[in-house]
Amino acid sequence: MGVLAGLRSKALGGKTIGVMVTASHNPEADNGVKLVDPMGEMLEQSWESYATYLANAETTDQFIINVQAVIYRGGINISQPANVVYARDTRPSGAALVAALEDGLKAIGVEGGGRNAGVTTTPVLHYLVRTINTKGTPEDYGEPSEEGYYSKLAAALKALLSGKPNPPPLIVDCANGVGALSLSAFSKHVEGVFQFQPVNTDLQTPGLLNYKAGADFVKTSQSIPPALEGKLSAGQRAASFDGDADRLMYFYLDEQTSQFRMLDGDKIAALVAGHIVELVNAAGLSGKIELGVVQTAYANGSSTKYLEQRLPVKCVPTGVKHLHHAAEAFGIGVYFEANGHGTVLFSKETLALLNSHQPSTPEQTKATEDLVQLTKLINSAVGDALSDLLLVEVVLASKGYTATHWNSSYSDLPNRLVKVLVPDRSLYKTTDAERKLTEPVGLQEKIDALVAQYEAGRSFVRASGTEDAVRVYAEAGTREAADAVDPTLSATPSQSELAFKVAGLVYDEAGGDPAKRPKEFR
């Protein structure tokens with residue numbers, strides 16, 4: 001990937017490319033590499049095939065041949081300079097991968113062998129790429145250093161909280177990952193303004209990264225991390241980062257029942273988008289800035305309905321690259337996946353308008369100032385758990401909301417996600433932002449017939465991007481409708497959920513072995 005990063009930089013006339021060694025929310029034993037384009041966005045999609053092409057070379061000779069082919073196909077001037085900044089998370093395998101990366105950077109002639117940003121979060125790496133490439137330009141994004149990142153966020157936070165009560169101390173689950181280092185460093189910039197209570201900060205004990213901790217654990221298990229048992233009071237909110245701190249999940253215990261309540265990416269999008277709409281209106285800019293929210297098919301139907309009553313909502317295929325691209329079409333585009341990865345984008349035109357706007361009342365002045373500070377608090381380059389957490393806390397402080405108030409904006413429809421192993425995932429083709437199957441022919445009609453039996457029922461099937469499996473998502477208007485496929489059955493609810501019915505349908509249509517059919521697929 002070092003060679004590919006160098007070639008990408010040469011293809012763009014020497015602009016700095018980023019390389020992040022991380023496997024994000026995945027287990028500690030896993031690892032991977034992310035390439036970052038000049039404005040901090042994900043690698044251009046057309047270059048993903050080059051990455052696969054180089055990675056699949058089985059010998060050194062074949063690798064050299066493939067590199068030459070990429071140079072030819074991309075029309076790359078190999079004499080152009082190349083600049084790369086790189087970093088890694090805390091995984092033990094990271095050091096060896098960085099060493100291999102450095103060999104590649106030197107082989108392709110990257111200036112100075114690249115800039116090593118050390119052990120840091122994925123959002124910081126994206127920030128560095130963007131600030132390096134925009135330094136001294138009209139789009140200057142800040143000081144190109146990790147310290148510059150913290151200082152920028154802290155200054156914006158202090159401005160936005162000025163005149164408001166300081167937020168209560170916040171428990172933050174750091175997933176035993178690099179987010180613990182980032183939170184510790186940032187805390188020094190906001191002493192007396194914001195207090196964090198970090199948990200799951202063990203970076204030394206092998207195997208703890210993302211283990212029963214972090215945003216993905218909270219989302220998939222729908223429970224608090226075990227390390228917080230007995231530490232979280234009823235009504236007190238807490239947040240979880242994932243292993244590289246680019247996902248955020250909030251949660252709390254119900255004040256009446258002490259039951260776990262999750263505030264996921266959908267809830268974050270609703271909170272943030274609603275607040276920005278109010279600010280735009282208060283600033284006297286209604287009709288001058290087009291606002292919109294981007295979601296995927298996995299967004300809960302209740303969140304979509306709630307948002308559609310306030311601003312345009314666009315659904316796109318799963319994947320950050322699709323969400324980010326769609327959000328760029330708006331003057332202010334908000335996107336969050338249900339898993340907690342997301343951010344807010346501000347177009348060049350919107351930024352220029354905010355800086356040139358002449359408010360006519362004190363209320364308009366305050367709203368405009370808040371919008372300007374939000375552009376500094378939000379890391380628009382990528383989903384950023386720390387930046388997003390600060391954004392949420394600013395909105396809650398502005399509204400005087402508790403976690404309970406926030407959660408009451410709408411009630412999630414009961415839902416379930418099920419994985420079905422299939423012989424060949426490529427047979428499953430979709431349309432309508434992955435909400436409808438076009439192939440296998442006839443399967444969608446059968447799913448529709450099943451879903452039609454339930455109030456507010458919805459289900460879709462999409463192929464996994466990493467294994468021969470499909471994901472089945474289903475939701476319904478009430479818990480009973482989601483669980484009880486046939487009220488006359490004596491089976492337990494776990495055996496008769498809508499998602500399992502659809503999963504069984506998919507399994508049978510794929511020619512699954514009846515003898516190995518999971519018993520819950522009924």
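**Close-up views of a predicted model**

**View 1. The largest nonpolar core of the protein.** In this predicted model, the largest nonpolar core comprises 77 residues, and within it F186, I276 and L389 have the most contacts. Helix α9, spanning residues 265-282, contributes the most to this core, with 10 residues.

**View 2. The surroundings of L389.** Leaving aside residues up to four places away in sequence, L389 touches L170, V172, F194 and F196, and its contacts also take in A239, F241, L248 and Y250.

View 3. Two or more lining residues come from each of the elements α5 (122-134), α11 (320-327), β13 (342-346), α12 (348-356) and α13 (362-377), with α11 giving the most, 6 residues. By residue class, the lining of this pocket divides into 18 nonpolar, 11 polar and 14 charged residues.

**View 4. The whole protein, as context for the close-ups.** The secondary structure comes to 18 helices and 18 strands, and the C-alpha atoms fill a box of roughly 70 × 65 × 50 Å along the principal axes. Because a compact globule of 522 residues would have a radius of gyration near 24 Å, the 24 Å of the protein agrees with that expectation. Of the 522 residues, 52% count as buried, and among contacts with a separation of 6 or more, 67% are accounted for by residues 24 or more positions apart.

How values were computed
Residues are numbered from 1 along each chain as its sequence is written. This is a predicted model: local features need pLDDT of at least 70, side-chain atom pairs count only at pLDDT 80 or more; totals for chains, interfaces and linings use all residues. Side-chain values use heavy atoms; hydrogens and water are left out. Helices (H or I, at least four residues) and strands (E, at least two) are DSSP runs, numbered from the N terminus. Ala, Val, Leu, Ile, Met, Phe, Trp, Tyr, Cys and Pro count as nonpolar, Asp, Glu, Lys and Arg as charged, and the others, Gly among them, as polar. A nonpolar core is a set of buried Ala, Val, Leu, Ile, Met, Phe, Trp, Tyr and Cys residues joined through side-chain atoms within 4.5 Å. Buried means under 20% relative accessible area, exposed over 50%, partly exposed in between (1.4 Å probe, protein chains only). Contact means heavy atoms within 4.5 Å. The radius of gyration is taken over C-alpha atoms; the globule rule is 2.2 Å times the number of residues to the power 0.38.
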